Amino acid sequence: GKPIMLIDSYAEGSPILRWYLDGSASSDGLQGGMYVVLVLVSSLAESVTVKRWGPLNLLEVWHHFAFTLRFARVSSQGSCSSPSAVLTQAYMFLDSEPVAADNTFLNLDIESMLLLNSGVESFSIGGVNPSIVSDASEFLNFVGAMDNLRIWWPPCPTNNDPSRCNPFAFLFPVLQNGTRQPSSGIEDGRVLLETVATPLFASIFKNQVEETAGLLVNLDFNDQSKSGVLKDKSVWDGPPQCANSELYSDVCPGCPANCTFAFASQFDINCLGSGLFMILEDSTAQEFYSNEGTCKCRDIDTCPTQVQNCICPSGLQRACVSCQKSGHPQAGKDAGICLTGKTSRLCWSDNDCGSNLPGTCIELDPQFCPEELCSEWKCVCQRNG
């Protein structure tokens, strides 16, 4: 028969994420029974199966369904100025217990196949929205009783979520033998509700919600509808505009800022590919690579001169060629060393040596310049001895 729509979400007048019940006979390695399927509809109206959970044992008793999602921002069309989002986590829990899924998700190219170019604007529960979906005959409506409907959209994961600072934490890396050792220590198929949605876990069997931050919609269906409209009992209206609030930003508290999308030009290969010239001119990004990763020069002409720790081509070594670090008393002049009496301190003029005699401040050869004063480096021939 036809699948039964559970949750349909929309963006820019089109379906985007869809959860539905599907009865399947035994085939393609699947055991026969009832499954919940999540699909993502791309901007080209192509449906990608994200996960298939089941088979489910749904007797005629009350059940508590919970679905969680997590997204990550990525560069769009090779540009860090146009971010999009990719779906990195999708889980289902039945009566607070995790439901096993097939291996579809782990085999997807997340960045290309699970890309969202806009955020979710609206939801339809128990059927499609006929004002958006022109042909509603593809799905059946859900027929049954419903006691509570809650939609959570917290600004940040909870502190006990090991993927709090990294939405990919349950997935990578994939080793050469095909196994996964994610930094979280928890593989995708072993995620628990209390791990990724603590407030939801604490209230799933309760009529009242104690933790309301992040609770966007809260319907209990105990009151009569007025003109077909139910009262939403949630008290959280969502985060304010990030630009006007110090409470919300790109970074969750306790997470490293330099791993967020704002710094993507320093680690996102798509940004590098489209903005290589910018990187070659951006000394901040070059400094980051030289200290945190690898800055390796292909030739001496394009090797950054403002960054010390870049690796020179074979046969060459890094050397200071200018001892004019900005901030000293006479910017623009190489540092020297005093040669009067027992004094050997750095100087930029004869007066710095405590003497008015000319020639007491001798300019240093840049190769002997203290590291903290060097302002320019180049690749030079290696010195022997």
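- The average pLDDT of the protein chain is 80, and 76% of the residues score at least 70.
- Confidence is highest in strand 7 (residues 97-98), with a mean of 96, and lowest in helix 5 (residues 276-281), where the mean is 51.
- Residues 242-248 are a stretch to treat with care: pLDDT stays under 50 there, and the model has 6 contacts for them beyond four places in sequence.
- Where pLDDT is low, the predicted coordinates should not be read in detail.

**The chain as a whole**
- The protein chain exposes about 22800 Å², of which carbon and sulfur atoms supply 51%.
- Among contacts with a separation of 6 or more, 54% are between residues 24 or more positions apart.

**The cavity**
- The largest cavity has a volume of about 40 Å³.
- Its lining includes L219, D220, F221, N222 and D223, together with L230, K231 and K233.
- By residue type, the lining of the largest cavity divides into 4 charged, 3 nonpolar and 1 polar.

**Backbone features to look for**
- Most residues other than glycine have a negative phi, and most peptide bonds are trans.
- G54 and P55 are joined by a cis peptide bond, with omega at about 0 degrees; P55 belongs to strand 4 (residues 47-56).
- D95 is not a glycine, yet its phi is positive, at about 55 degrees. You can find D95 in the loop between strand 6 (79-94) and strand 7.
- S96 lies in the loop between strand 6 and strand 7 as well, and its phi is also positive, near 75 degrees.
- The cut-off for buried is under 20%.

**A lysine in a loop**
- K206 sits in the loop between helix 3 (198-203) and strand 11 (215-219).
- K206 counts as partly exposed because its relative accessibility is 38%.
- In sequence, K206 and N148 are 58 residues apart; in space, their C-alpha atoms are 9.6 Å apart.

Key: Residues numbered from 1 in each chain as written. Predicted model: local features only at pLDDT ≥ 70, side-chain atom pairs only at ≥ 80, totals over all residues. Heavy atoms only, no water. pLDDT = per-residue confidence, 0-100. Helix = DSSP H or I, 4+ residues; strand = E, 2+ residues; numbered from the N terminus. Contact = heavy atoms within 4.5 Å. Areas by Shrake-Rupley, 256 points an atom, 1.4 Å probe, with all protein chains shown as cover. 1 Å grid on protein atoms, 1.4 Å probe; cavity = no way out; pocket = protein on both sides within 12 Å on 5 of 7 lines; lining within 4 Å. Points joined across faces, edges and corners; volume = space filled by probe spheres on them. Nonpolar A, V, L, I, M, F, W, Y, C, P; charged D, E, K, R; others polar. Buried < 20%, exposed > 50% of the residue type's maximum accessible area, 1.4 Å probe, protein only.
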